[in-house]
Amino acid sequence: METTTANVKQQPAHPDFAAKSESKWKLIVKNYEMYVLLLPGLVFLLLFKYTPMYGILIAFQDFNIFDGISGSKWVGLEQFRKLVYSDEFVQVFINTLLISLYKIVLLFPIPIIVALLLNEVKRMLFKRTVQTIIYLPHFLSWVIISGLFINILSPSGGLVNQILQWIGLDPVSFLLDNRYFRSVVVFTAGWKEVGWNAIIFIAAIAGIEQEQYEAAAIDGAGRLKQMWHITLPGILPTIVLVFILRIGHLLDAGTEQILTMYNPVVYQTGDVIGTYVYRVGLGKMDYSFSTAVGLFNSVVGFLLIILGNTLSRKLLKRSIW
Amino acid sequence: MKSTSLSDRCIDLFSYTVLTAMALATLLPFANVLSKSVSEEWAVVSGKVGIFPIGFQLDTMQYVITSSQFVRSFAVSAGITAVGTLLSILLTAISAYPLSKRHLPGVGAILVLYIFTMMFNGGIIPNYLLIRSLGLINSLWSLILPVMISVFNLLVIKSYFESLPEALEDSAKMDGARTFTILFRIILPLSGPVIATIALFYAVYFWNDFFNPMLYISDPSLKPLQLYLRDIVMDADSSSAITKSVDDMMNVSGEGVRAATVIASTVPIVLVYPFLQKYFIKGVLIGSVKG
């Protein structure tokens, strides 16, 4: 704030600028209490959000915890070279992309369909009951959900294997088999969030004007036609927006979920960037390398979000920030 | 004038069938695990329990909810949730209020600082090193302080504040009210629904968090419920220490204990859930329309 006044004194040649700064300064003094309110949040932001960004420097070091960032040896891009040439990382990257793409392709359309179907239901009690039930898993932690599914998928007496055996098939160790692990991850993610993800489309449908339906009905359009020509176009901007946001999280394949489900047997297909950073960084104490992996993740994620927002601004004339 | 054309009836049939199936598929895993937690030990061990319990006993449940570690972890989680939610709401609200006054110099820039952290962060290791150098490893503050402001929640509250009529504040100012008074006596009391929604989101976050405790907490007496639950759930080998001692001690099975622990940890959320529903639906509307 002092620099503002200093500027004013140093630049008398620009009276407009000086006057503007003067009034700015007055505005600040008059509203100093507003700035006091901002302070605790700023301390939080600088300490817990921006200080770790400074810590990213160790990705360019051979970091030693006893020497700290200032004392550790700089190695330039060595960690990133290691990353690109590591077969393990390449596999982890492929796993991340595959799981994330499966989740998008298979799970993205379902909430839209659920919202459309709920919109066709005219019995309020039924509608509310279904909504209450399908939102519930969203509020439970991944530990609980994984607990449920580890139980259900257990080869010794899990419900699914009971059914498999009942129809004459061999029991399957879903969580210990590389052939099934990704499917389990995608299915359980859908089970947890599909209902909740429908909420935004339900809200969008509620925003469509009722007159449009009445007009269509008079013109003789049945409910299927109304759905196709009114409801779907009505929520299209929301669909595109949610899709773009989703793309921004392409490299986030569900770290918490996989951490609570996997085990060394399925690292080959289940290890994703988030879990890998945790495993190598804190498990093997390879701080510099896993920070480099994390930085790679952050940068790509950041670029994807920027890309998505630019697309959204172009296509929808609406940006997320 | 009811139209009962064939295609319309097909739509009805399809909607009701699919939605009913979805609701049942959501409930099924709960039914199964609940049944396992109250079925007789032999039925659980031999893998016969389906949707309905076989026999009935509450020994397993009693064993789980009276185990000292469960009680301790439950208390830790309840404490973190209460303190964390209160501090988060307070900090988020007092930060959102000035941020809703975009005409004030510097406010826009600070908002950018916040939003940037939604898109870019230091990552697990730099965060861990920060917590470590602050001496917060094995301190419950490590689970609260670093996550006190969720930028998404901040933006939701900010846009709600922006929607309040400015005349309210102007007239209060004329009566001589100052910023703090206006915020705590006028703005916040008018923001009940949005504050309740955000409180719910924070509370669910603190109650469910297991990632941060996994990074920062190793002292068993400080383990929150989710971390304790994870130890039990991931301990899939039934011959291991936790479950074996159980098998020897009582007529309860390790698998039954896992099931009962899952159920016991789910109950708090299921109990408060119906009361919160109206808030989160409202909250999502606010968040999605303006966020």
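Reply: With a relative accessibility of 43%, B:Leu90 falls in the partly exposed class (buried is under 20% relative accessible area, exposed over 50%, and partly exposed in between, with a 1.4 Å probe and protein chains only). This is a predicted model, in which local features need pLDDT of at least 70 and side-chain atom pairs count only at pLDDT 80 or more, while totals for chains, interfaces and linings use all residues. Residues are numbered from 1 along each chain as its sequence is written, chains are lettered from A and ligands numbered from 1 in the order in which they are written, and side-chain values use heavy atoms, with hydrogens and water left out.

B:Leu90 is located in helix H4 of chain B, residues 68-99 (helices are DSSP runs of H or I with at least four residues, strands are runs of E with at least two, and both are numbered from the N terminus). Together with A:Tyr32, A:Val36, B:Phe180 and B:Phe184, B:Leu90 makes up a nonpolar surface patch with about 450 Å² of accessible area. Such a patch joins Val, Leu, Ile, Met, Phe, Trp or Tyr side chains within 5 Å, and like charges are joined within 9 Å; members have over 30% relative accessible area and no salt bridge. Areas follow the Shrake-Rupley method with a 1.4 Å probe, and for residues only the protein chains shown count as cover. At least two residues of the nonpolar patch come from each of two helices, H3 (32-55) of chain A and H9 (179-190) of chain B.

Chain B, to which B:Leu90 belongs, has 14 helices and zero strands. Of its 291 residues, 53% are buried. The accessible surface of chain B is about 13100 Å², and carbon and sulfur atoms account for 68% of that area. Among the contacts in chain B with a separation of 6 or more, 71% link residues 24 or more positions apart (contact means heavy atoms within 4.5 Å).

Helices H6 (residues 87-107) and H14 (residues 223-247) of chain A pack at about 170 degrees, with their axes 11 Å apart. H6(A) is therefore roughly antiparallel to H14(A). Axes are lines fitted to C-alpha atoms, for helices over the stretch in contact, and angles between N-to-C directions run from 0 to 180 degrees; under 35 is roughly parallel, over 145 roughly antiparallel, 65 to 115 roughly perpendicular and the rest oblique. On the H6(A) side, A:Ser100, A:Lys103 and A:Ile104 meet A:Phe243, A:Arg246 and A:Ile247 of H14(A).

Charged contacts complete the account. Over all chains there are 13 salt bridges (a side-chain nitrogen of Lys or Arg within 4 Å of a carboxyl oxygen of Asp or Glu). A:Arg81 and A:Glu78 are joined by one at 3.5 Å, N to O; they are three residues apart in helix H5 (residues 78-85) of chain A, and so about one helical turn separates them. In another, A:Arg179 and A:Asp177 have their closest N and O atoms 3.0 Å apart; A:Arg179 is exposed at 64% relative accessibility, whereas A:Asp177 is buried at 16%. In chain B, the side chains of B:Lys101 and B:Glu169 form a salt bridge at 3.0 Å, N to O. B:Lys101 lies in the loop between H4 and helix H5 (107-119) of chain B, and B:Glu169 in helix H8 (residues 166-174) of chain B, so the pair ties together parts 68 residues apart in sequence. B:Lys101 and B:Glu169 are both buried. Finally, A:Glu88, A:Asp271 and A:Arg279 are joined into one network by salt bridges that share partners.
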